[in-house]
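Thanks for coming. I will go through some helix packing first, then the pockets and cavities. Please keep the model open while I talk.

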Amino acid sequence: MRITARELNRSTLARQLLLRREASGIADAVRRVVALQAQQAASPYLALWNRVADFEPARLDAHFADHTVVKSTLMRITLHAVHADDHKAFHEAMQPSLRAARLGGRFMASGLTVEDADTLVPELLAFADRPRTAAEYESWLGQRLGEPPQRGAWWGLRHYAPLLHAPTAPPWSFGHRPSYVAPRTRPVLADPDVSAESLRKLVLRYLQGFGPASVADVAQFALVQRARARKALQALAGELERLEGPDGEELFDIPGALRPDEDTAAPPRLMAMWDSILLAYSDRSRVIPPDYRPLVIRVNGDVLPTLLVDGYVAGVWRPVEGGIEATAFHPLPDEVWEQLAVEARSLAAFLADREPQVYRRYGHWWSKLPDTEARLLPGH
């Protein structure tokens, strides 16, 4: 079966709850979208505001507090918010990538080895029986080693160990000085068989939330070697449907999964920074027109808050005095601007009690955008 580029786009939007806001519990919504990029504390909240009808941020606060939804270093070796039921398998699947990325040169320059990390992590997790600050962990590590830890030791361990970020401060549960705590269900570490089995679970969850997808897409989403992604998909062959993509590439999907018609209407949205749909594929043209990719994914990895129009990135937005400034990369019809204005009023009201100038520190990127149409969409 062949699938078109627009059908791929609509499949992503449907599974990511972006064709309409869903009446859903917060934990269920997080399960359905699989993982929310969370290196910027506000982004999981804005991601769910885009996806869940009548979203109340206090409900996500509560889920972070009781560890129903957890924040941890996972896919692409960056912070994600995921359902607690997924954390164990996701972390186990990422073990080879985490070991390679965080227990290498910088960590070993501290004088520690990979074997030292395997010895230290169980003890570290025992110490992490309650939320503790980075300073407390560094002090513990110094006592454990008998000398102050060298630079790189705690950096490597905090990413490699399955530590959760513990809520610390408003307005978005996590402040600039993180605290860490051990998960209630601890992943199995340094076991290749467990990691391979868990990668298969991760692949199935990824396809549920982002499919159809290629080997390269799976590898990009998790940041695992393509050989590992291919092996996992081969092991799941009997459970998956195979499709032919727009350029003839082989795609995989869950049988019976949502794949709406390419003409399905897609409402405008004001997407969070680093929204997962912008980063979940090797071929990002599924959502980002190629000419716009360098405008929204900056050279240092910052991914700007975007306008989604007809399912595709069409510009960027930022809060300003009086409302939301929307910058379009191409001309938009008046009716689309009207729909964006409705979204902007809703977003401004959502931010008002938390952080009206969210993402303000990233405003310097706007001076580097091309000269295109920008409009102030009033906040009320």
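Let me begin with handedness: a crossing is left-handed if the near helix is turned anticlockwise from the far one by less than a right angle, and right-handed if clockwise. By that rule, helix 7 and helix 9 cross in a right-handed way. Helices (H or I, at least four residues) and strands (E, at least two) are DSSP runs, numbered from the N terminus.

Before going on, the provenance. This is a predicted model, in which local features need pLDDT of at least 70 and side-chain atom pairs count only at pLDDT 80 or more, while totals for chains, interfaces and linings use all residues. Residues are numbered from 1 along each chain as its sequence is written, and side-chain values use heavy atoms, with hydrogens and water left out.

Back to the helices. Two packed helices are described by the angle between their axes and the distance between the axes. Here axes are lines fitted to C-alpha atoms, for helices over the stretch in contact, and angles run from 0 to 180 degrees between N-to-C directions. Helix 7, residues 114–127, packs on helix 9, residues 153–160, at an angle of about 70°, and the axes are 11 Å apart. That makes helix 7 roughly perpendicular to helix 9 (angles under 35 degrees count as roughly parallel, over 145 as roughly antiparallel, 65 to 115 as roughly perpendicular and the rest as oblique).

Which residues of helix 7 and helix 9 meet? Contact means heavy atoms within 4.5 Å. From helix 7 there are Ala117, Asp118, Leu120, Val121 and Leu124, and they meet Trp154, Leu157 and Tyr160 in helix 9. By class, the residues of this contact are seven nonpolar, no polar and one charged. For the classes, Ala, Val, Leu, Ile, Met, Phe, Trp, Tyr, Cys and Pro count as nonpolar, Asp, Glu, Lys and Arg as charged, and the others, Gly among them, as polar.

Helix 9 also packs with helix 5, residues 84–102: their axes come within 9 Å and cross at roughly 165°. That makes helix 5 roughly antiparallel to helix 9. On the helix 5 side the contact includes His91, Gln95 and Arg102, and on the helix 9 side Trp155, Gly156, His159 and Tyr160. This contact divides into four nonpolar, four polar and two charged residues.

On a 1 Å grid over the protein atoms alone, a cavity is a set of points where a 1.4 Å probe fits but cannot get out, and a pocket is an open set with protein on both sides within 12 Å along at least five of seven lines; lining residues have an atom within 4 Å of a point. Grid points are joined across faces, edges and corners, and a volume is the space filled by probe spheres set on the points.

The largest pocket holds about 790 Å³. It has 36 lining residues, and those closest to its centre are Gln39, Gln40, Ala41, Gly175 and His176. Strand 2 gives the most to this lining, three residues. The lining of the largest pocket has 15 nonpolar, 14 polar and seven charged residues.

How many cavities of 30 Å³ or more does the search find? There are two. The largest cavity has a volume of about 40 Å³, and Arg51 and Trp274 are among its lining residues. The second largest cavity, about 30 Å³, takes four lining residues from helix 10. Its lining has seven nonpolar, no polar and no charged residues.
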